[in-house]
Amino acid sequence: MESKKKNQVDLPPGLFKKIAIGVVILLVVIIGYSSFYTVQEQERAAILTFGKYTGETTAGLHFKWPYPIQQVIVVPAELTQRIYIGYRQDGNKITPVEEEAMMITGDENIVSADAVVQWKISNIHEYLYNIDNPEQFLRNASSSSIRSVIGSEKLDYAITDGKTEIQDKVRERLLELQGKYHTGMQIIDIKFQDIEPPSGQVEEAFREVTNAREEKNTKINNAAKYENDKIPKARGEAQALLENAEGKKKSRILNAEGDVAQFNAIFTEYKKNPGVTQSRLIIETLEKILPKAKIFISDSSGDTVKYLPINELLRNSGASATPSGSAAGGTTP
């Protein structure tokens, strides 16, 4: 009995109580720490209650029930992200990925196409649960859309004038795929970095073709510019000639109408007194055809013979004087 008492360890009084209090405090700290979480500015958080999606929260400090009741999955939903097709970019370092970049065109030529797709998360629930690997799905969908569109176009068109149209078609196909599978991702934009033939002699030949086409377009633009400069001027000159001719036409018509009106007025007066009008017309006609002639008019009525000293009158009055009808008596030789 004495040996059993010696082997028994004496515990301090109240030890179990202190351990229990410590465990409780530790549990409270753990529960309190796991009940609050922070969402950053470019993030959103999905709330899972017993593993089921029950809601989401935006930026800020939030409360949740401790695990395993609730848990939080934070995703960069407000951040615009990029994936690269045909190459990878890490800072300023660019690494080509030939198996993604090489594609076959509609006329069975090979082309190298590099593109960047900008996207962001639009629906957290669909993003987390509808597809297994969202980014890989988007990469595959982008590559498939690009190959489908370029595979329906000719190489010459794809590497020259068709880049913008191809971008639009690829974007439309991507949007269709996102809507069909409800991936929860929003396609913001897709831009091709390069669409060109493989490097080497083929690339050099197509570069020469491209340069020739650009030179052709330049000459066409210059010709169009020359045409746009000359044609308006010619039209303006033609319009001026037409307006000038129209003005002369109206002027001559008005002059003719004035002459007719004048003739009609003279004819009316002529009918009233033909003798006076006839004499006036004769005198006016003589003034026009003999502008420097000196006209002397005298009255020859009477029984006596009158003498008019014309030469003396001309010497006295000078070259600019015109006697207006003076008469003197006398005999004529």
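**Helix α7.** I looked up K169 and E165 and found both in helix α7 (residues 163–181), four residues apart, about one turn of the helix. Helices here are DSSP runs of H or I with at least four residues, strands are runs of E with at least two, and both are numbered from the N terminus. K169 forms a salt bridge with E165, the closest N and O atoms being 3.5 Å apart. A salt bridge is defined as a side-chain nitrogen of Lys or Arg within 4 Å of a carboxyl oxygen of Asp or Glu. K169 is partly exposed at 30% relative accessible area, and E165 is partly exposed at 36%. Buried means under 20% relative accessible area, exposed over 50%, and partly exposed in between (1.4 Å probe, protein chains only).

**Source of the model.** I noted that this is a predicted model, in which local features need pLDDT of at least 70 and side-chain atom pairs count only at pLDDT 80 or more, while totals for chains, interfaces and linings use all residues. Residues are numbered from 1 along each chain as its sequence is written, and side-chain values use heavy atoms, with hydrogens and water left out.

**Other salt bridges.** I recorded seven salt bridges in a search of the whole structure. Side chains of opposite charge can pair when their charged atoms come close. I noted R88 as partly exposed, at 30% relative accessibility, and E100 as buried, at 14%.

In helix α8 (residues 201–272), E215 and K219 are four residues apart and therefore separated by about one helical turn.

I then traced an open sheet of three strands, in the order β3-β2-β5, with antiparallel pairing. β3 (52–57) and β5 (70–75) stand at the edges with a single partner strand each, so one side of each has no neighbour in the sheet. Two strands pair if DSSP finds at least two bridges between them. Strand β2 (residues 44–49) pairs with β3 in the antiparallel sense over five bridges. I found G55 in β3 as the bridge partner of I47.

**Strand β4.** Is L61 buried or exposed? L61, which lies in strand β4 (residues 60–63), counts as exposed at 63% relative accessibility.
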